[in-house]
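Reader: I have a structure open and would like to go through it. Could you take my questions as they come?

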Amino acid sequence: MDKKNEQIAEMIRVNHAGERGAIKIYEGQLKALQLFNKDPELQNTIKDMRDHELEHLEFFENQIIERKVRPTALLPLWDVLGTALGFGTALLGKKATALCTSAVEEVIGGCLLYTSPSPRDVEES
């Protein structure tokens, strides 16, 4: 694999892992909120955030298939730890849940900056 394709694969792998991790955190939060908090407004906010990330995840999963990129081998661990983090922060209350979701969005934004330019930009250069 040449350098350009390696760079594209790395971008796809990083973004895929980030989107998947964010979704697992939101799913963990939703599970805790459904079981213990029963705050419908907060649940709807978290569902909306999760659904937004699902759209991004779908794009990167399609890129993995299309470009034959190996996803990170740590996805199973990522899933468990992300779900646990989300569940735990939601158990701590609304403020902890909000702080966690804010941090997730900040990190995802940082990953997108890290992986700029996009895979398509690299491909076209």
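Reader: Where do Glu27 and Lys24 lie, and how many residues apart?

Author: Glu27 and Lys24 both sit in helix H1, 3 residues apart, which is about one turn of the helix. Helices here are DSSP runs (H or I, at least four residues), as strands are (E, at least two), numbered from the N terminus. This is a predicted model, in which local features need pLDDT of at least 70 and side-chain atom pairs count only at pLDDT 80 or more, while totals for chains, interfaces and linings use all residues. Residues are numbered from 1 along each chain as its sequence is written, and side-chain values use heavy atoms, with hydrogens and water left out.

Reader: What do the side chains of Glu27 and Lys24 meet in?

Author: A salt bridge, at 3.4 Å from N to O. The term means a side-chain nitrogen of Lys or Arg within 4 Å of a carboxyl oxygen of Asp or Glu. Side chains of opposite charge can pair when their charged atoms come close.

Reader: How many salt bridges by this rule?

Author: The count comes to 4. One of them joins the side chains of Asp79 and Arg20 at 2.6 Å, N to O. That pair links distant parts of the chain, with Asp79 in helix H3 and Arg20 in helix H1 (residues 3–37), 59 residues apart. The side chains of Arg50 and Asp51 also meet in a salt bridge, at 3.0 Å, N to O.

Reader: Is Asp79 buried or exposed?

Author: Asp79 is buried, because its relative accessible area is 15%. Buried means under 20%, exposed over 50%, and partly exposed in between (1.4 Å probe, protein chains only). Glu27, at 30%, counts as partly exposed, and Asp51 is partly exposed at 34%.

Reader: New topic. Where is Thr101, and what does Thr101 touch?

Author: Thr101 is in helix H4 (residues 94–114). Not counting residues up to four places away in sequence, Thr101 touches Tyr26, Gln29, Ile46 and Met49; contact means heavy atoms within 4.5 Å.

Reader: Why does Thr101 count as buried?

Author: Because the relative accessible area of Thr101 is 7%.

Reader: Which element has the lowest mean pLDDT?

Author: Helix H5 (residues 119–124), with 54, whereas H3 has the highest, 95. pLDDT is the predictor's confidence in each residue, from 0 to 100.

Reader: And what is the mean pLDDT of the chain?

Author: The mean is 87, and 86% of the residues reach 70 or more.
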